[in-house]
Structures are given as structure tokens and as C-alpha cells.
Amino acid sequence: AKPPQKQVTRAVSVVSGEGMGEKKGGFLMDGLRSVPGTFVRRTGGFGRTTSLIIRGSSAPQVHVTLDGARVGSTTTGDFDFNHLAPDNLERVEILRGPNSVLYGADAVGGVVNLETRRGEGPLSGSYTQEVGSWDTWREAAEAQGQIGNWHLSGGISRLDTQGLSENDEYQTTNISTRVGYDFGPDHTLDVTVRNILSIVGIDDGAFRPDPNRKNRERQTIGSVRWNSPVTPWWSQSVRLSTNITNLID
């Protein structure tokens, strides 16, 4: 079990995923800009590589997990925050400072942990639609609730924009769900899945225009977790996770 925040020896910031989506226009990276000690770097417009730096470290030195699954690139080591929408996220935890003892050698700068929302209360849902310049559209729908011992939440969002220049268009779709069952007090089985599909137009400039060049990336992140306390002072957790990424240029 996680210790209370006041007992953690490192500097910790917790940002509500719901508040981040509502106040920052639905972009996770913009919500992270307000966290002390962090710097968000994007290489261009929508769809371009976006990395997070904590306290001057490099992007590969920030360990990023989604529901316990490591989501960093297996080649570069860092995680592209651009395609991940805050839809159906319960919170984002940013642990600043070296934490390689608990999380490995890629946690020298810090740790970012993203948690999917747990469904609570009666079934409810919401729908949001936004429009902006450069033919930008965003639609998002969410639902969550609890039925007996079952709890569930789900969200789907889509962002489309033509960008600032020729062949600069971008579209991304996020689908997320979390389903769980409570077998007893603190005895819980949870299954979470998030699928991200993004298409980015590559503007090579005036000397090499290629309207057919695009990057297509699909990322599927899944996690199965079983929590079971043994005594009031001892609890155990077993988690299986997967992260599958396909990128075609």
C-alpha cells in the first residue's frame, strides 16, 4: 500500500485528472506545466514529441507509469505525453527527486504515476465538445459508476486539427476503461486498458514537401491488479501489465 503523502520523504505533487482536463482544455501536458520543478518541452505544434523534465534531469531519467505499467519508450527511454489525454484519469502523481531505489535506474529525475478513475456512486456520464481555429475539433465522453460490488469507468475522446502549415494535420483517439470487483473490504481485482491511436502529418518544409508522409502510432496499455490485505498492518498486491506500441512512418 502507498504511504500517506505526508510520510513520503520526497517532494510530491498530486494533480486531479478531472480538473486538469476541464481547466487546461483537455491536454495533459498543459496541466503538468503548473507543477513546481517540472518543465514541459514540445518540439512543435499538436502531435509533436512532448517530454517532461523534472529538476533539470533529462527526459529518459523520468520514470512514467500508467496504472503501474511502465510506458516509457523501449528505445529512447522517455515517454511522449502529447498523445495521452487526461480523460478518465483520477489523478497524476509527480514524485520529484531521485527514486531509483524503488523504480529503477530511469528514475533519477523523478517519477510520474497516472491512475485511471475508479467508478463510484450511481451511474453517470458526461459529454464535451470544443471547436477552435485551424479546423480544430475535440469531442469527449465519459461514464462511471458502481453496481453492487462492481465498479467501472470509461472514456473516449477524439482531437482533430489541420495545424499551422501544409501537411501539419493531427488526429488522436483515446479509449480508456477500468473495471473492478470488490470481493471484500480491501480485497479488489481491477482491470484497466487504454488504447491510443494517433496520426501525425510530417511537414518536411518547402524543399521536400510530401503530402503523403504521416506517422501512425498505436499504443495499448493494460494492467491487472489484485489487492489483498493479510493483516491490518500488512497488505500485498500482485500486478500484471503490458505496453504494446506500433509506430509506422
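**Figure 1. Pairing of strand 6 and strand 7 in the predicted model.** In this predicted model, strand 6 and strand 7 (residues 110-116) run antiparallel and are joined by seven bridges. Across this pairing, Ile-94 stands opposite Val-112 of strand 7. Both strands belong to an open sheet of five strands, arranged in the order 1-6-7-4-5 with mixed pairing. Strand 1 (11-16) and strand 5 form the edges of this sheet, each pairing on one side only.

**Figure 2. The largest nonpolar core and the surroundings of Val-112.** The largest nonpolar core comprises 28 residues, and Val-112 and Leu-114 have the most contacts inside it. Two or more residues of this core are given by each of helix 2 (28-32), strand 3, strand 4 (62-66), strand 6, strand 7 and strand 12 (187-201). When neighbours within four places in sequence are left aside, the residues in contact with Val-112 include Leu-52, Ile-54, Val-62, Val-64, Phe-81, Val-92 and Ile-94. His-63, Thr-65 and Glu-93 are also in contact with Val-112.

**Figure 3. The salt bridge between Arg-48 and Asp-168.** The closest N and O atoms of Arg-48 and Asp-168 are 2.7 Å apart in this salt bridge. The pair links distant parts of the chain, 120 residues apart: Arg-48 lies in the loop between strand 2 (38-42) and strand 3 (50-54), and Asp-168 in the loop between strand 10 (150-161) and strand 11 (170-184). Arg-48 has a relative accessible area of 14% and is therefore buried, the criterion being a value under 20%. Asp-168 is likewise buried, with a relative accessible area of 11%.

**Figure 4. The salt-bridge network of Asp-87, Glu-130 and Arg-138.** Salt bridges link Asp-87, Glu-130 and Arg-138 in a network. Within it, Asp-87 forms a salt bridge with Arg-138, with the closest N and O atoms 3.0 Å apart. This pair also links distant parts of the chain: Asp-87 is in the loop between strand 5 (69-70) and strand 6 (89-96), whereas Arg-138 is in strand 9 (residues 136-147), 51 residues away. Both Asp-87 and Arg-138 are buried.

**Figure 5. The salt bridge between Asp-160 and Arg-158.** Asp-160 and Arg-158 form a salt bridge in which the closest N and O atoms are 2.9 Å apart. Arg-158 counts as partly exposed because its relative accessibility is 30%, a value that falls between the limits of 20% for buried and 50% for exposed. In the whole structure, a search finds twelve salt bridges.

Conventions. Residues are numbered from 1 along each chain as its sequence is written. This is a predicted model: local features need pLDDT of at least 70, side-chain atom pairs count only at pLDDT 80 or more; totals for chains, interfaces and linings use all residues. Side-chain values use heavy atoms; hydrogens and water are left out. A salt bridge is a side-chain nitrogen of Lys or Arg within 4 Å of a carboxyl oxygen of Asp or Glu. Helices (H or I, at least four residues) and strands (E, at least two) are DSSP runs, numbered from the N terminus. Buried means under 20% relative accessible area, exposed over 50%, partly exposed in between (1.4 Å probe, protein chains only). Two strands pair if DSSP finds at least two bridges between them. A nonpolar core is a set of buried Ala, Val, Leu, Ile, Met, Phe, Trp, Tyr and Cys residues joined through side-chain atoms within 4.5 Å. Contact means heavy atoms within 4.5 Å.
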